[in-house]
Amino acid sequence: MSDFLVEGLSKTVGDKTVFHNISFIIHAFDRIGIIGVNGTGKSTLLDVLSGKLGFDGDRSPFSSKSQYRMAYLTQQPYFDEEETVLKTVLSSELREMQLIKAYEELLAGYDDSHQEKLNQIMAEMDSLNAWAIESEVKTILSKLGITAIHGKIKELSGGMKRRVQLAQVLLSDVNLLLMDEPTNHLDIETIAWLTDYLKTSKKTVLFITHDRYFLDQVSTRIFELDQAKLTEYRGNYQDYVRLKAEQDERDAASLHKKRQLYKQELAWMRTQPQARATKQQARIDRFHNLKGDLTGVSSSASLEMNFDTSRIGKKVVEFKNVSFSFGSKEILRQFNLLIQNKDRIGIVGDNGVGKSTLLNLIKGDLQEDSGQIIRGETLRIAYFSQVIKDMDPNQRLIAYLQDVADQVDTSLGKTSVSELLEQFLFPRSMHGTLIAKLSGGEKKRLYLLKLLLGKPNLLLLDEPTNDLDIATLTVLEQFLQHFSGPVITVSHDRYFLDKVATKVLAFEEGDIREFYGNYTDYLDEKAFIDHQEDKDPLMEKVSAKAEKPKKSKDRMSYLEKQEWATIEADIAELEETISRLEEAMQDCGSDFAALSELQEEVDTQNERLLEKYERYDYLSELET
C-alpha cells in the first residue's frame, strides 16, 4: 500500500487559523499519536482527514488517500437511536459481517421456520470462513462489556454508546483508524485490552489521547500541533519527552545568541544617520531579519497554578457506618472512612459501581440512607464533575470568571482575571470569545479555573483527565502535589493516578478496599494476591472438582479444528517472515531509521510467533 501523503494542508475556522501549510506522511501500519494544547486543532485535523470538514484552497493536499478506507471514532457518537446495538456495531458492508448479523438475529428470534434460512447462512459462512470473524466480533463485544446486543441504542448510557461506537470502528472493514480520545469512558482493564489490540492489529492508526501510558505503549510516531504548525517526533511518548527537551535546549541556546547579536546590532543601528548611511545594506537587512525573528518568538506558554486556598481544620470528612443504595442496587454498606488534611485518594473500580456516587455523598448532593457523614465546619468543596455545570455558551470567557471575582489572591500576590486567563493558556485575543466557540478541552480548562477561583480547600475530581491536554495535566499534577487540602480523584488514567494518589479506594466485588500506596502499587499487590489464591491447594482441589464433569472442554470446538488445520503453516510463514526481516536489517548499514522500523516489525512478528507456539501447545493437548 502506498504512503498517505499530506502536503500544504491549511484550515481556518472562523477567524482562527488552526493549522497552516502543514505536511506529513502516514506509512502503512503506523500508529501515530497527536498531541497539543486544547484548541490547537487536533480534532479538527481528524475531521479534515476524514472528510467531515473541508480544507482551505482549491487544490487537494492529499495523495494516495483513495487507497485508505477510514473509520472515525469521534468524541460524540451519532447513531440512529431506534437501531439495535447489533445492527449498529455490524454496519460494515463486508459480506461476512452481514452474514454474522443475519445469523445472530435469526438465533435471537429462532423458531423452526428459520432453520432452512439459518442453514443457508451457515453454509455461506463456512465457505467464506466467516466463523473466525464471528469469533473476533464476540471477543470485541465481550471485552468492551457490550452484552445487550439486541437492545436499542436509545436505551444505552452515554458511556456505553461510546463503547458501541468503538466496537463499530474496530470491526469496520478499513485500513486506517482515526480515533479521538479512544480511552474515554473505558476502565483500566479495557484500556489495557485496547492497547494490546491496536499493537497487534494490521491497521494504521492516527489517534488523539491524553492517556500517557496508552500513548507511550501504542504510538510509533508522535505529531505535535502548536501555533498552527506540526512537528513530528519518531518513537513513543518517552522518546517525545526526551527529543522535545533536547530541542527546547537547542532553541533556548539559539534564541540567547540571537538576542545578544540583536543588542549589538541595535547599538550599531542607533548611530548617527550620516554614519549609518555609509554602512552595508546587507547588515541593515540582517538587523531587520533578527528583529522579525525575535518579535515572532514568544516564550512557550506554560500553565501556572498559584492559588491561595481557604484554611482547613484537622477535621475534614468522616463516614461512620454509612449505607447507601440506588433502588435495589447497594453502593455502600456500613462504610467507614476518615478523610484527613493532605490526603491524596484515588478511587478506582469498574464503571457503574458507585465511584461518582461516593463523591456526591462527600459533597452532600446525595444523602446517606443510614449512618452519618460528618463534614468539617471550614470545608469549602470544589467538585470538578464529568459534566460541566452552569456554563452559558453565550457568555464570554472573561465575564464567566468575573461572576466569581475581578481579581484573585495567589501565592504571588493579587492577580487579575485577565492575567489568570493568560496563565491558563487563553491569550488576551480570546478573552472576549463566546464560550460556545471553545473546544471541549478548553471548556474543561476554563471550568477548572472558575472552581479554583473560589479558594476551595477540598478538591473532588471526577475523571479530570477526560478532554484535558497533556500540558494541562502535567501542571495540574504539580498543582495537586502542592495543594494544601485533601484531593479525592475518580479516574481511569493510570499515569495520573500514579502521580497524584498516595492512597487507593478500590471497589472490589461489592466491597471497598482501602490501600496505602499509588495505583501501580495496588495493581502489583492485587496481582500477587490473585496469584497466591490460584496456587492455594484447597482452591486447586475445588477448581478440579468443579471442572471434572466438563468433558466437552477436552474436545476441540469447530473453530479450534479450523485453527489446528492451518497452525503449522502459519508458524512456518511467520518464521520465514522473521528471517526475511532479519536479512533486510543486514542490508540497512547505518540507516538507523530503517533499522528501527525493521526491528519493530521483527518484535511484532516474534510476539505473534510466540502466541502461535502457545496455541499450538494448547491445541495439541486437545488433539491427543
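## Structural report on the predicted model

Glu 224 lies in strand β8, which spans residues 221-226; strands (E, at least two residues) and helices (H or I, at least four) are DSSP runs, numbered from the N terminus. This is a predicted model, in which local features need pLDDT of at least 70 and side-chain atom pairs count only at pLDDT 80 or more, while totals for chains, interfaces and linings use all residues. Residues are numbered from 1 along each chain as its sequence is written, and side-chain values use heavy atoms, with hydrogens and water left out.

**Surroundings of Glu 224**

With a relative accessible area of 11%, Glu 224 is buried (under 20% relative accessible area, with exposed over 50% and partly exposed in between; 1.4 Å probe, protein chains only). Its side chain makes a polar contact of 3.1 Å with that of Lys 244 (a pair of N or O atoms within 3.5 Å; within protein, one must be able to donate a hydrogen and the other to accept it, and residues adjacent in sequence count only if both atoms are side-chain atoms). Beyond four places in sequence, the residues that Glu 224 touches include Ile 35, Leu 230, Tyr 233 and Tyr 240 (contact means heavy atoms within 4.5 Å).

**The six-stranded sheet**

An open sheet of six strands has the order β14-β17-β18-β12-β19-β20, with mixed pairing (two strands pair if DSSP finds at least two bridges between them). Because β14 and β20 stand at the edges with a single partner strand each, one side of each has no neighbour in the sheet. From one strand to the next, the twist averages 15°. Strands β12 and β18 run parallel and are joined by four bridges; Ile 347 stands opposite Val 490 in β18. Helix α12 packs on this sheet, and its direction makes about 155° with that of β17 (axes are lines fitted to C-alpha atoms, for helices over the stretch in contact, and angles run from 0 to 180 degrees between N-to-C directions).

| Element | Residues |
|---|---|
| β12 | 344-348 |
| β18 | 487-490 |
| α12 | 355-363 |
| β17 | 458-462 |

**Nonpolar cores**

The largest nonpolar core has 52 residues, and Leu 170, Leu 177, Met 179 and Leu 198 have the most contacts inside it (a core is a set of buried Ala, Val, Leu, Ile, Met, Phe, Trp, Tyr and Cys residues joined through side-chain atoms within 4.5 Å). Among the contacts of Met 179 are Leu 46, Leu 73 and Phe 207. A second, separate core of 33 residues includes Leu 438 and Phe 483.
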